[in-house]
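Here's a quick walk through one model, helix by helix. Have the viewer open as you read.

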Amino acid sequence: MIFSRPPMKHPKRPPGRPSHSPTDVDRRLVAVLAAESVPQFQICRVLGIDGKTLRKHYRAELDRGAAKLEAALVMHLYLLANGTGAVALKAIIFLLRARFGWSPYLPPPR
């Protein structure tokens, strides 16, 4: 005769990691770090979450931080372009190429 034990009763847990719930402090932290050009994988390390989770819960903060960074860089570039000398000339050329599509490789306009 084979004896078998009844299965042990364990409380039911959902599989996987617990879901992430962002706080206001986390949202501000992500926005500041994104505005300071910190890569997303390092922001994930700070928060202890995966990249997919970061992009899912903090998309608005990442976009807002990137826009603030771009605005600060463009402002700095405009200040350089207002100066005199070789640096100002290079800044102006870069702005014309990046913002207005100027290229030395395009044929001249008709």
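## Ground rules

Buried means under 20% relative accessible area, exposed means over 50%, and partly exposed is whatever falls in between. Keep in mind that this is a predicted model.

## Two spots on the accessibility scale

Is G48 buried, exposed or partly exposed? Its relative accessible area is 46%, so G48 lands in the partly exposed class. You'll find G48 in the loop between helix 2 and helix 3. From its C-alpha to that of E36 is 19 Å, with 12 residues of chain separating the pair.

V87 sits in helix 5.

## Helix 4 and its cover

Helix 4 takes in residues 59-81, 23 residues in total. End to end, from the first C-alpha to the last, helix 4 reaches 33 Å, which is close to the 33 Å expected at 1.5 Å a residue.

Which residues of helix 4 are buried? They are E61, L62, G65, V74, L77 and A81.

## Where helix 1 meets helix 4

The axes of helix 1 and helix 4 come within 7 Å, crossing at roughly 35°, and the crossing is right-handed. On the helix 1 side, the contact is made by R27, V30, A31, A34 and A35. Helix 4 brings E61, L62, R64, G65, A66, K68 and L69. Sorted by class, this contact of helix 1 with helix 4 has 7 nonpolar, 1 polar and 4 charged residues.

In soluble globular proteins, nonpolar side chains tend to be buried together. Here, the largest nonpolar core has 10 residues: V30, L33, A34, I43, C44, L47, I49, L54, Y58 and L62. Helix 1 and helix 2 each supply at least two residues of this core.

What does I49 touch, leaving out residues up to four places away in sequence? The partners are H20, C44, L54 and Y58.

How values were computed
Residues are numbered from 1 along each chain as its sequence is written. This is a predicted model: local features need pLDDT of at least 70, side-chain atom pairs count only at pLDDT 80 or more; totals for chains, interfaces and linings use all residues. Side-chain values use heavy atoms; hydrogens and water are left out. Helices (H or I, at least four residues) and strands (E, at least two) are DSSP runs, numbered from the N terminus. The expected span of a helix is 1.5 Å times one less than its number of residues. Buried means under 20% relative accessible area, exposed over 50%, partly exposed in between (1.4 Å probe, protein chains only). Axes are lines fitted to C-alpha atoms, for helices over the stretch in contact, and angles run from 0 to 180 degrees between N-to-C directions. A crossing is left-handed if the near helix is turned anticlockwise from the far one by less than a right angle, and right-handed if clockwise. Contact means heavy atoms within 4.5 Å. Ala, Val, Leu, Ile, Met, Phe, Trp, Tyr, Cys and Pro count as nonpolar, Asp, Glu, Lys and Arg as charged, and the others, Gly among them, as polar. A nonpolar core is a set of buried Ala, Val, Leu, Ile, Met, Phe, Trp, Tyr and Cys residues joined through side-chain atoms within 4.5 Å.
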